[in-house]
Number of protein chains: 2
Amino acid sequence: MPCKFCKTNPVINLPNSEINLCKSCFIKYFEKKAIKTIKQYKLIEKNDHVMVACSGGKDSLSLLYVLNKLSLKERKIKVTALLIDEGIKGYRDDSIKDAKKFCKEHKIKLHIASYKKELGKTLDQMKSQNPNKIACSMCGVFRRSLLNKSSRELKATKLATGHNLDDEAQSILMNQLRNNIALSSRMGPRTGTGKDPRFIPRIKPFYFLTEKEVATYAFLKGLISKFNECTYNEDSYRFEIRDLLNNLEQKYPGTKHSLVASFIEILPTLKKSFKGKSIGICKTCGEPTSSNICKVCNLTKEIN
Amino acid sequence: MPCKFCKTNPVINLPNSEINLCKSCFIKYFEKKAIKTIKQYKLIEKNDHVMVACSGGKDSLSLLYVLNKLSLKERKIKVTALLIDEGIKGYRDDSIKDAKKFCKEHKIKLHIASYKKELGKTLDQMKSQNPNKIACSMCGVFRRSLLNKSSRELKATKLATGHNLDDEAQSILMNQLRNNIALSSRMGPRTGTGKDPRFIPRIKPFYFLTEKEVATYAFLKGLISKFNECTYNEDSYRFEIRDLLNNLEQKYPGTKHSLVASFIEILPTLKKSFKGKSIGICKTCGEPTSSNICKVCNLTKEIN
C-alpha cells in the first residue's frame with residue numbers, strides 16, 4: 001500500500017491502523033501529533049521556559065528537535081537542554097559528545113549536571129562499591145531528583161522528557177502487577193500543577209507516540225547516527241513487561257494504545273484519590289518529600 | 001517444609017507466601033478466607049436468599065458446598081442452586097448429572113433454566129446456524145441475562161458465582177488492554193446495590209482465592225471426580241491472558257494478587273466515574289438495559 005496522503009513509497013505502517021506513510025508525510029504526522037498532545041494537555045504555554053531532559057539518545061534528541069522548532073515558531077517559548085552525567089564509562093562519554101554536537105548545530109543552550117559533582121561519586125563508583133544494588137534503581141532516584149533541582153535552579157517552568165507510549169504502557173502495567181497504583185497516580189502527560197515552586201512540572205509531549213514512531217523520526221531526520229545503549233541493563237522486570245507488550249501488540253494491534261487510553265480515562269479520579277498526601281521538606285537536605293527524609297538522602301546514606 | 005500450623009505433611013504451597021499447609025489446615029484456611037470476603041464486603045446478610053450459579057464444575061460446587069455449610073450454621077440464610085442448561089452436547093449432560101447428584105446428597109434445591117426453553121434454541125443450534133459467531137460471546141450474553149431473570153423470578157436476593165482471583169485478574173487486564181475500562185467498573189466482589197429490583201446483586205465469595213486453591217479444595221473435599229471442560233473454547237484472548245499471567249506469577253509470585261489489589265484500591269472511584277449512565281427498559285422484552293434494545297434482544301435478532 002502506498003502513502004495514504006501522497007501515494008508515493010511508504011516508509012512506515014502506523015500502529016493501530018491500516019495507514020502507510022512516506023517519509024515526508026510521516027514527519028508531518030509525527031510533529032502534528034506531538035503538538036496536538038502539547039495543546040490538548042496544556043503542556044506548554046506562552047512564556048514557558050522548557051528544560052528538555054537530554055540523554056543524547058533518540059527520544060530526547062527528537063524531543064529537543066521538535067520543541068526547539070516550536071520555540072522558533074512561537075517566540076514566547078524558551079527551550080534549553082539539561083544533560084545528567086551519571087558517570088557511566090562506555091556510554092555517557094559518547095552520548096555527551098552527541099548531545100553537545102546537536103545543541104551546537106541547533107544553537108540550543110545545553111546545561112550539564114553530574115552525579116560526581118552533586119553526589120561526590122559517579123554511578124560506576126556507586127555500583128562497584130554496592131554490587132548488590134540495582135544500578136537502574138539507584139540511578140532513577142538520583143536522576144529524577146537532580147533533573148528537578150537543576151531545572152529549578154535554572155529557572156525553568158517545565159521539565160520535558162522524551163517518554164513515549166511504550167514507556168508509559170510498561171509503567172502502567174508494572175505498577176499494577178506490583179500493586180504500586182499510587183505511583184501511577186503521578187503519571188500521565190503532565191505531572192505537577194506548578195503551584196508548588198519546589199516542583200517543576202514534568203511534561204511528556206511524546207506521550208501518544210510509540211517507541212517505533214520516535215525511532216523512525218530520529219532516523220529519518222538524521223538526528224542520530226547510532227543507537228547508544230546504557231551499559232547497565234538491570235531493570236529486568238521492565239524488559240520482561242516490554243517484551244510481553246510487544247508480543248501482544250503484534251498479535252492484537254492497538255493493545256498499547258488501549259492500555260494507555262484506559263489509563264488516561266481513569267487518571268483524573270486516580271489523581272483525586274491519592275491527592276491527600278501532603279508533601280513536606282526533607283529534614284536532611286530541604287528538598288520536597290512525602291516522608292521525613294527524602295529518597296535521595298536515604299539512598300545516599302545506604303550506599304556510603 | 002511441613003504444614004505451618006500442625007507440622008504434618010503439606011499438600012499445598014500457598015501462592016504469594018512461603019506457607020505450606022496440610023489437608024486439614026488448608027481446608028480451614030480456604031473456608032475462612034471465603035467467609036472473610038463475605039463479611040468484609042457484606043456479600044451475604046441475614047435473611048438473604050442466595051442463589052448459587054451452578055455449572056457442576058469445581059468452582060461452583062465448591063462455592064455451593066461452602067455457602068450451604070454457612071446456611072446450616074447461620075439459619076437465617078437460605079441457599080439454593082441454579083443451573084443454566086445451554087444445550088452443549090458432550091459437556092452439559094454429564095455436568096447436569098454431577099450437579100443433580102451433589103444437590104441431592106446435600107439436600108440443596110436445584111433449579112434448572114435452559115436456552116432451549118427460554119430462547120427456543122440450544123447453544124449448539126445457535127452455533128451451527130451461525131458458525132462465524134463466537135460461541136463463548138453468545139453464551140455470555142444469554143447466560144448473564146438468564147441467571148439474573150431466573151434468580152429474580154425465584155425471589156433470590158443475591159446471585160453468587162464461583163469466580164476466583166484468576167478470573168478477575170484476567171478480566172481486569174483484558175478490559176484494560178482492549179480499552180473497556182467501563183466494563184471493569186461493574187466488577188469487584190459485589191456488583192449491584194440491590195436498590196433496583198430488576199437486578200439481583202451478584203457476589204463472588206471466592207474473589208481472593210486462586211484457581212489453584214479452589215481446584216485443590218474441590219479435589220480434597222471430594223466434590224468432583226473429574227474435570228468437565230466445556231467443548232467450546234473460543235475465547236482465545238482470555239486463554240492467552242491467562243497463560244501470560246500464569247507465567248508472570250511463576251516468575252514473580254504474588255503478581256495476580258497485586259493486580260487484583262491495585263484494582264480493588266481504585267474500584268470505588270472507578271464506580272463513581274461510570275455511575276452516571278442511567279438504566280432503562282428494553283423496548284422489546286422489558287428487561288433492564290443501558291440502550292433502547294437490550295443485548296439479548298439484539299443478539300437474538302442477529303442469530304435468527
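Is A:C25 buried or exposed, and what is its relative accessible area? The points below take up this residue and other features of what is a predicted model.

1. Cysteine A:C25. This residue is buried, and its relative accessible area is 10%. The closest cysteine sulfur to that of A:C25 belongs to A:C3, at 3.7 Å, which is too far for a bond. The cut-off for a disulfide is a sulfur pair within 2.5 Å.

2. Cysteine B:C297. In chain B, the sulfur of B:C297 has that of B:C285 as its closest cysteine sulfur, 3.7 Å away and again too far for a bond. B:C297 is buried as well, with a relative accessible area of 16%. Over all chains, the count of disulfides is zero.

3. The largest nonpolar core. This core holds 47 residues, and the members that touch the most others are A:I241 and B:I241. From chain A, helices α7 (165–177), α10 (236–251) and α11 (255–273) each give at least two residues to the core; from chain B, α7 (165–177), α8 (181–184), α10 (236–251) and α11 (255–273) do likewise. In soluble globular proteins, nonpolar side chains tend to be buried together.

4. Surroundings of B:I241. Apart from neighbours within four places in sequence, B:I241 is in contact with B:Q170, B:L173, B:M174 and B:L177, and across to the other chain with A:L248. There is also a second, separate core, of 44 residues, with A:C22, A:F26, A:L63 and A:I108 among its members.

5. The sheet in chain A. Six strands form an open sheet with mixed pairing, in the order β5-β4-β3-β6-β8-β7. The edges are β5 (110–114) and β7 (190–191) of chain A; each has a single partner strand, so one side of each lacks a neighbour in the sheet.

6. β5(A) pairs with strand β4 (residues 78–85) of chain A in the parallel sense, over five bridges. A:I84 has A:A113 in β5(A) as its bridge partner. Helix α3 (residues 92–105) of chain A packs on the sheet here and touches both β4 and β5 of chain A; the directions of α3 and β4(A) make an angle of about 165°.

7. Serine A:S60. Which helix holds A:S60? A:S60 is part of α2 (residues 58–73) of chain A. Its relative accessibility is 5%, so A:S60 counts as buried. A polar atom of the A:S60 side chain lies 3.0 Å from the backbone nitrogen of A:S55. Leaving aside neighbours within four places in sequence, A:S60 is in contact with A:V52, A:A53, A:C54 and A:S55.

Technical notes: Residues numbered from 1 in each chain as written. Chains lettered and ligands numbered in written order. Predicted model: local features only at pLDDT ≥ 70, side-chain atom pairs only at ≥ 80, totals over all residues. Heavy atoms only, no water. Core = buried A, V, L, I, M, F, W, Y, C linked by side-chain atoms within 4.5 Å. Buried < 20%, exposed > 50% of the residue type's maximum accessible area, 1.4 Å probe, protein only. Helix = DSSP H or I, 4+ residues; strand = E, 2+ residues; numbered from the N terminus. Contact = heavy atoms within 4.5 Å. Pairing = 2+ DSSP bridges. Axes fitted to C-alpha atoms, helices over the stretch in contact; angles between N-to-C directions. Polar contact = N/O pair within 3.5 Å; in protein donor to acceptor, adjacent residues only side chain to side chain.
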